[in-house]
Amino acid sequence: MSDTTTTSLGRARLHVSSDAPVHLTLGGDHTPARACPLVEVHALGGGREFVDHRLTRGAAGAALRPDPDHAVGSLDGQPWPTTRVTQRDSATGLVALTDIARPTEASWRLRTTLRNEGATTITLAAVSLVSATVLPGAPLDDLDLLTARSGWMAEQRWRHRRLGEELVDIGTASHGQSPRDALRISSESGWSSGLWEPAGYIIDPGTGQAVGWQVEHNGAWTVEISRRADRLGLVAYGPTDLQHAWLHRLAPGEEITTPWAALAFSEDGWQGAAAEMTRYRRALRSALAPTTEAAPVVYNDYMNTLMAQPTQERLATLVPAAAAAGAEVYCIDDGWHSDAQEWWDAVGRWEPSMRRFPDGLQATLDLIRAQGMTSGLWIEPLAVGVNSPVAEELPDEAFMRRGGERLVEQGRLRLDMRHPAAREALDAVVDRMVSYGIGYLKVDDNYSVGLGPDADADSPGDGLMEHSRQWAAWLARLPERHPGLIVENCASGGMSSDYALLAHARLQSTSDLQDPVRYPPIAANAPLALLPEQAGSWAYPQPEMTDEEITYTLVTSLAGSFYLSGHLDRMSPRQISLVRAATDLAKELRPALTQELPWWPDDVASWDQEWVVAARRAPAGREGLLLVWHRPRPGQDGPGSALNLPALAGMRLTRVMPPPDLVADEGISVEDGPHGPVLRATTTTPTARAYLVRDTTHRDEDVARSENR
């Protein structure tokens, strides 16, 4: 065995030797580790180096060796310091170029380009985005995995799992065989977060070291976590043959580049890793997004309100009410584009309905502007109904096809963004919509189409990946083509919450959930996967609600960028004042929103737990905002259990929502306990409160502030 040289990239290290692929380790001890090669490649002609059902140890990846002349070097002209690792297989001519950028001191962004410099075609079946040995030397049984299931109206279900229970120790030391088991999570089709959030964390409770990861692809992906003898491997892929019917033929002279993935590291547990991922996401957006400012307060008339049935008459009262409640944007959601009551299978033209807006849509948009708000419209660009004239006007090649037939789901075709006719048609639609004077565009994606199109592709998964990339590029160009346009990303709520899209979009809808009592875990946990300033969680107060119910849903939206709906035009002046207090508070907190770091003083929230807690803090210290929801359990007698928050010991909590002059009831009492604040519900109904968290030296200032609200 030749000597191994190590190149330090902070807490990440590259291990290079002439007789093995380059390896990457992150955290842990400094012993050179060969558990996980830097690049995993599966090709049909070679299969696996070691036979099992995992995606790791592909023979094509195992055959790579560092380039003897320039294995590790710097790559110029990048937004951040970037290292390029060059490896090649002299037998096949396959070359792997892996770029490792460092957007922050504790984050790494990776992707690999494969080039065929050989004489024969190589059929790829899986290529890693990132492959690393994480926390080498840590006791594997004790590691903590933090991942999140996702589903429509059930996003962001984060939970801790002990590695030793998910990936058991098979006694490798006694028989020399490495386990073949793997913990695998993945997406399917075009919804990147339809099954799992494309992010996660691995934590060593003994040392506090933690690694965060995220996949930055708005389509199919897979992550495998597996034991490699006494090491732990973390490998992320885009689409694969095994999961997504992805094959790509790499002909001589051709190359293909994977999507990006990112890693972050902290010595301060999973909360520290989440903070580092937050810093990384902000650095990413600073380099790629048109602006990193938090979004304005948005009113959208869909959720629990007009539900896709807007009309000029209804908006005549809703628009002034939204303005009175403090909204800065009024977005007319779906339905504005169709004369029909049921329009699902006829969309695609995206022209205003004269039946719904007899004086023309422009008159209502003018009303929105006259009320001092930016006007916005909803669109689902990829959808073309089978009964839409657009289905016949565009060529077959502009739609996703498989086996020679157009793909249809629930009466809808799907545009294939690989084809210029599809992109040109959407450009024309958005250009026309912007010409109406709108400044806000809600971009939705409400259905998925399975494996993807095989027309003009090596496989369905290959066609879907290229479509997804073109879709992300189209979304990124929107604010470039229309400067100042605010773009919201939505896919039936949070079904595509990934940073291929969120690197450019201003706002992300976190869910379509219509139950305000169940919503808080989604809002509280969302910053584990996306920036707080991009997370739009619905507040939908209604005139029939009590003050406590209105407060409850308003606090949910304060967890991120304020996002409002509800029949505000039917509310009393006092109820509008309560809503206005929340939007005023959101605006007051907004400058800090893009600087503060998310944290969880009572751990991540489970779906049905009694107390839900979320917080944001200043980059240094614990001052910031605390959000608390109390949800009595079914059949519970009395106000329930107390909430102890030792993480806030020595801090003072000052209630800022609801204002005492509007809601005098304490709702949740705050007492000084021996180990920090103790909170108790004073009512048997769902209750929520927002507090400023300040050092005790700010006591007089906060008392005065509370009295003036």
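Residues are numbered from 1 along each chain as its sequence is written. In this predicted model, local features need pLDDT of at least 70 and side-chain atom pairs count only at pLDDT 80 or more, while totals for chains, interfaces and linings use all residues; side-chain values use heavy atoms, without hydrogens and water.

**Exercise 1.** Determine the strand order of the open sheet of nine strands, and identify its edge strands.

*Solution.* Helices (H or I, at least four residues) and strands (E, at least two) are DSSP runs, numbered from the N terminus. Two strands pair if DSSP finds at least two bridges between them. The order is β31-β30-β29-β28-β23-β22-β21-β33-β32, and the pairing is parallel. The edge strands are β31 (535-536) and β32 (538-539), each of which pairs on one side only.

**Exercise 2.** Describe the surroundings of strand β22 (residues 329-332).

*Solution.* Begin with the neighbours. Strand β21 (residues 298-300) runs parallel to β22 and is joined to it by three bridges; Val 298 has Val 329 as its bridge partner in β22. With strand β23 (residues 374-379), β22 pairs in the parallel sense over four bridges, and here Val 329 has Thr 374 as its partner.

Next, consider the side chains. Val 329 and Cys 331 point one way, Tyr 330 and Ile 332 the other way, and all are buried (under 20% relative accessible area, with exposed over 50% and partly exposed in between; 1.4 Å probe, protein chains only).

**Exercise 3.** Explain why helix α13 (residues 547-557) is described as largely enclosed by the rest of the structure.

*Solution.* Nine of the eleven residues of α13 are buried, so the helix is largely enclosed. Among them are Glu 548, Ile 550 and Tyr 552.

**Exercise 4.** Classify the aromatic pairs Trp 158 with Tyr 201 and Trp 471 with Trp 474.

*Solution.* Rings of Phe, Tyr and Trp (its six-membered ring) pair if their centres lie within 6.5 Å; planes under 30 degrees apart count as stacked, over 60 as edge-to-face and the rest as tilted. The whole structure holds eight aromatic pairs. Trp 158 and Tyr 201, at 5.8 Å centre to centre and 50° between the planes, are tilted. Trp 158 lies in strand β12 (residues 157-162) and Tyr 201 in strand β14 (residues 199-203), 43 residues apart. Trp 471 and Trp 474 are stacked, with 5.4 Å centre to centre and 10° between the planes. These two residues are three apart in helix α11 (residues 460-481), so about one helical turn separates them.
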